[in-house]
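This report covers helix packing, the nonpolar core and selected residue contacts. The sequence and structure come first.

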Amino acid sequence: MTLNIQLLSFVTYFGYFLIGIVSFIISPTLPVIIKDFNITVGIAGSIFAANAAGTFIGVLGGGYFSDLLGRKPLIILGCILQMAGFALTASTKSWVLILGFFFITGLGRGFLNTCFNALIADINSHRRGAAFNTLHGIYGAGCLVGPMLAGLILSLNYEWRVVYYGAAIIWIIFMLIIIPIKYPPVNYIHNNKGDKDDKKIKISFMSIKSVILNPIFSMLFFVSFIYNGAATGLVGWINTYLDGIDFSVILGAGMVSVFYLGLTIGRFTCRYLSERIGYSKTIMCCALGCFIFYPFTIFATNPIMIAGGVFFSGLFFSGLHPTGLAYANSLFSSISGTVTGLLSTAMSLGAMIVPWLIGLVAEKENFKVGFSISYILIMILVGVSVSLLLYERKERAITSI
């Protein structure tokens, strides 16, 4: 692997770590924001929808345009949007404007998310399962650090706005780091045979319709939707839920970090598991683990049991999306940006719909009922994962005839 590609890989992993740091600072800051703006939980839930709507558009367009124009322009644009969104959020006193700025932040995140994942797919065509789980494990490590830092800042009596100014500064620094780096042409693949054998693969755009109608891809789409809807609903509302039962802000932020501790450990475990037992079996194992442990986060009242449920939920949520990405990119390797964008769109839809519904139901009933929405989706996830494995076996049997 050339020195520039090694540097590019490192910077991509670092960028995804930064996305993790800033992605869930909303969780520890949301209870303070609710009090600052004097709004209800149901109204506050719209912040997830606004952010996810921006991400939805970012990943939907970012995948296609990164295949067309290259990764670097979209990454720089993503940095600018993240920087502007966070800084403007910190500076405004209007709730309506905050929703707009969270949309901008989500749009930038969508561009960055898609481009980083597509880059890893291009560079690691021979071991995508390991590469994607490593990338998303590093993201989980960022999510482990971010909420704790935000909670620490709040516990030191700084305003929540300081957290968002800090997030803006992070993206200014990252953009300055990547500007001098040379990015390879789209769908560059290094085949580990030396610099002379590096190949540039000309993009052949396939019909998006044919990708979406592929049965395996359709099931992977639902896996990503359910994973991110349930996971974002949990980590997005856990602080507000625990604040309502007299948990401290720092302890609530700690629960988010407990989730991402499990997620990070799980993803580095799935790095090896996905390559050993296969993509579909890994997804099924993760789905079954979520089914078993997620109820502890809903129905337990003891802090230790809640923490255990949160940790093991994160552990088993871990391999769902990155393994699905690896699977999809192995099927449609020539359009990695587009395929990654479509699955990231599923993630955005989940984050847009599920946390918002949890907030609405929690306002009318309580958070236990609200979180039950996620558990129903996890039941569906188990069915999808079993169907994926059975369909794959059926296809192999037909092929072998």
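The text below describes a predicted model, beginning with a pair of helices.

Helix 4 (residues 46-69) packs against helix 5 (residues 71-91) at an angle of about 135 degrees, and their axes lie 7 Å apart. Angles over 145 degrees count as roughly antiparallel and those of 65 to 115 as roughly perpendicular, so helix 4 is oblique to helix 5. The residues that meet are G62, F65, S66, D67 and L69 from helix 4 and R71, P73 and L74 from helix 5. By class, this contact has four nonpolar, two polar and two charged residues.

Helix 5 has 21 residues and spans 31 Å from its first C-alpha to its last, close to the expected 30 Å. Its buried residues include R71, L74 and I75, as well as G85, F86, T89 and A90.

I75 is also named in the largest nonpolar core, which has 116 residues; I75, Y164 and F317 have the most contacts inside this core. Helix 10 (residues 215-244) gives the largest share of the core, 16 residues.

N133 is located in helix 7 (residues 128-155). Its relative accessibility is 0%, and N133 therefore counts as buried.

| Residue | Residues in contact |
|---|---|
| Y164 | I25, I26, T29, I33, F86, A87, T89, A90 and F102 |
| N133 | R267, C270, R271, S274, S318, G319, P322 and T323 |

Among the contacts of Y164 are F86, T89 and A90, which are buried residues of helix 5.

How values were computed: Residues numbered from 1 in each chain as written. Predicted model: local features only at pLDDT ≥ 70, side-chain atom pairs only at ≥ 80, totals over all residues. Heavy atoms only, no water. Axes fitted to C-alpha atoms, helices over the stretch in contact; angles between N-to-C directions. Helix = DSSP H or I, 4+ residues; strand = E, 2+ residues; numbered from the N terminus. Parallel < 35°, antiparallel > 145°, perpendicular 65-115°, else oblique. Contact = heavy atoms within 4.5 Å. Nonpolar A, V, L, I, M, F, W, Y, C, P; charged D, E, K, R; others polar. Core = buried A, V, L, I, M, F, W, Y, C linked by side-chain atoms within 4.5 Å. Buried < 20%, exposed > 50% of the residue type's maximum accessible area, 1.4 Å probe, protein only. Expected span 1.5 Å × (residues − 1). Lists of a residue's contacts leave out its neighbours within four places in sequence.
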